[in-house]
Amino acid sequence: MNSFTYSYPTKVYFGEKAATKNLPAELAKTGKTVMLAYGGDSIKKNGIYDELVGILKEAGKEIAEFTGIMSNPTYVKVQEGARLAKEKNVGFILAVGGGSVIDCCKIVSAQAKSDTDIWKMEFDEHRFPMAFIPMGAVVTAFGTGAEMNCGAVITHEEKNLKNGVMGAFYDFAILDPEYTMTMPMNQVISGAFDSLSHSMETYMGSPREVNYSDEINEATQRNIIRNIRAMLINPADRQPRSELVWAAAMAENGILKFGKVTDFQCHMLEHQLGAYTDCNHGRGLAVLHPMLYRHMIPEANRQFARLAAEVWGVSPDGKSEAELAESFITALSDFIKEIGLPTTLTEMGIADIDLEAIAKSTIRTDGCVKKFTDEELLAVLKECI
Ligand code: NZQ
Ligand code: ZN
C-alpha cells in the first residue's frame with residue numbers, strides 16, 4: 001500500500017430531520033450574516049427553503065441569498081457569489097442543493113477571501129487558496145459526493161475548460177434522504193450512476209493487486225447497483241434511497257482511495273464533454289464508460305476480470321482473464337441500458353461538436369492503466385456518437 005494520513009474535516013449529520021436537529025447548534029458557531037446559496041426553484045417547491053429560512057431566522061441570522069446556481073456551475077457564477085459574499089460581509093455559507101451548488105460555494109468561499117483570481121492562482125501559479133469562509137452543505141440531490149470533499153468542478157466558459165478546482169471542505173454536511181424525495185427520477189439515476197463511476201474510477205487506479213480499499217470498493221459498487229435496481233422498482237421506498245445517499249458520499253469522500261492513485265480518465269473526458277456541451281454529468285459518464293473501457297483492453301484486464309466476478313456475479317469457472325474482462329464490460333453496458341441511461345451522444349441530443357478539441361483538451365491522469373493519446377480519445381468519442 002502507498003503511504004497515507006487520515007483525518008476527516010467534515011462532520012456528517014445523516015438521517016431524518018437532520019437539519020432541524022443539528023443546524024441550530026452549528027449556526028450558533030457562525031458569523032451573523034449567512035449566505036444561503038441554492039440553484040433554481042426546487043427548494044421553494046418542496047418546502048426545504050422555508051424550513052431552512054425558519055431555522056436561520058430562529059438563530060438570529062441575517063440572510064444574504066445567492067441564487068440561480070446552474071448545473072455545471074460556471075466560473076462567472078463563482079465570481080458573482082464571491083462579490084456578493086464580500087459586499088455583504090458574509091461570515092458563513094449554507095449551500096443547499098446537489099453537486100453544482102455545493103461545488104460552486106467551495107470556490108466562492110475561497111475567492112471571497114482572496115484578491116488573486118483563483119483560477120489563475122491554481123492553474124497558472126500552481127498555488128492553492130489557504131483562507132476560506134466557513135461553510136455547511138445541505139444535500140438535496142445525491143450522487144456526486146461533493147459534500148465530503150474539497151474539489152469543485154467548475155466550467156470556465158471563456159477557456160472551454162471544465163476543471164477540478166481545489167476549495168474548502170465543508171465544516172458539516174446534512175444528509176437527510178427525505179430531502180431528495182422530490183428529485184426527478186432521471187437525476188436520481190444519473191446521480192447514482194455517477195457514484196458507481198466514482199467507485200470504478202477509484203478501483204481502476206493503482207496499486208492494481210487485491211487490496212483492502214478495493215474490497216470496500218467492491219462492496220460499495222454492489223450496494224449501488226442493487227439499490228438503483230430497488231429504487232427503480234419502487235421510487236418511494238426510503239430504504240434503497242437512504243443507502244444510495246450514503247454510498248454516494250462514501251464513493252467520493254476519499255475512503256475508497258486510501259493507498260491508491262486513482263484513474264478518473266473517464267471523468268476527465270466527460271468534464272471536457274461537459275465544457276463543450278453543458279451535458280448532464282452522470283449521463284455523459286454512462287455513454288463514455290463502456291467505450292473507454294473497451295479501449296483499456298488488454299491493459300486493464302486483470303481489474304476488469306475481478307470486477308466481473310466480485311461485483312457483477314460472473315462465475316470465473318473455466319473462463320480466461322480476457323473472457324471475464326469482456327463479461328464485465330458487457331454487464332456494465334447492459335446495466336446502463338437496463339436503468340434507462342443513454343448509450344450514445346446522439347441519444348443525449350449531442351451533435352456537431354468539435355470532438356478533436358474535446359480529446360485534445362482532456363487531462364490525462366496518472367492512475368490510468370493506459371496512457372491515452374489524443375487520437376485514441378478521439379476514437380473513443382467517435383464511437384460514442
Ligand atoms: O436548481 P434546482 O431547481 O435546485 O434543481 C436541481 C438541478 O436542476 C435539481 N434538484 C436538486 N435537488 C432537488 C432537485 N430537484 C427536485 N428536488 C430536489 N430535492 O437537480 C438538478 C441537478 O442538480 P446538480 O447539482 O447539477 O446535479 P449533481 O448533483 O449531479 O451535480 C453535478 C455537478 O457536480 C460535478 C459535476 O461535474 C457537475 O458539475 N461533480 C462534482 C464532484 C465533486 N465535487 O466531488 C464529483 C463529480 O464527479 C462531478 O464532476
Ligand atoms: Zn462524477
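Reader: In which loop is Asn-160 found?

Author: Asn-160 sits in the loop between β6 and β7. Helices (H or I, at least four residues) and strands (E, at least two) are DSSP runs, numbered from the N terminus. Asn-160 has a positive phi of about 55 degrees, although it is not a glycine. A word on the source: this is a predicted model, where local features need pLDDT of at least 70 and side-chain atom pairs count only at pLDDT 80 or more, while totals for chains, interfaces and linings use all residues. Residues are numbered from 1 along each chain as its sequence is written, and chains are lettered from A and ligands numbered from 1 in the order in which they are written.

Reader: Happy with that! How many helices and strands does the protein have?

Author: There are 15 helices and eight strands. The C-alpha atoms fill a box of roughly 70 × 45 × 45 Å, taken along the principal axes.

Reader: What does the radius of gyration say about the protein?

Author: The radius is taken over C-alpha atoms, and the globule rule is 2.2 Å times the number of residues to the power 0.38. For 385 residues, a compact globule would have a value near 21 Å, and the protein has 21 Å, which agrees.

Reader: Into which domains is the protein divided?

Author: Domain bounds come from an automatic or database domain assignment. Here they give domain 1 (11–180) and domain 2 (186–384), whose centres, taken over C-alpha atoms, are separated by 27 Å. Two residues are in contact if their C-beta atoms, placed from the backbone, lie within 7 Å. By that rule, 19 residues of domain 1 are in contact with 26 residues of domain 2. On the domain 1 side, β1 (11–14), β6 and β7 (161–166) are the elements that give two or more residues.

Reader: Why does ligand 1 lie between the domains?

Author: Both domain 1 and domain 2 give residues to the shell around ligand 1, so the ligand lies between them. A residue counts as near a molecule or strand if its C-beta atom, placed from the backbone, lies within 6 Å of it. That shell holds 35 residues, and the closest are Gly-39, Gly-40, Ser-71, Gly-98 and Gly-99. The largest share, four residues, comes from α5.

Reader: How do the residues of the shell around ligand 1 divide by class?

Author: Ala, Val, Leu, Ile, Met, Phe, Trp, Tyr, Cys and Pro count as nonpolar, Asp, Glu, Lys and Arg as charged, and the others, Gly among them, as polar. The shell around ligand 1 divides into nine nonpolar, 22 polar and four charged residues.

Reader: Now a helix pair: at what angle do α8 and α9 cross?

Author: Axes are lines fitted to C-alpha atoms, for helices over the stretch in contact, and angles run from 0 to 180 degrees between N-to-C directions. The axes of α8 (residues 212–233) and α9 (residues 238–251) come within 9 Å and cross at roughly 145 degrees. Their contact includes Ile-224 and Met-231 of α8 and Leu-244 and Met-250 of α9. By class, that contact has eight nonpolar, three polar and two charged residues.

Reader: Which residues are joined by a cis peptide bond, with omega about 0 degrees?

Author: That bond joins Ser-206 and Pro-207, with Pro-207 in the loop between α7 and α8. A cis peptide bond also joins Ile-297 and Pro-298, where omega is about 10 degrees.
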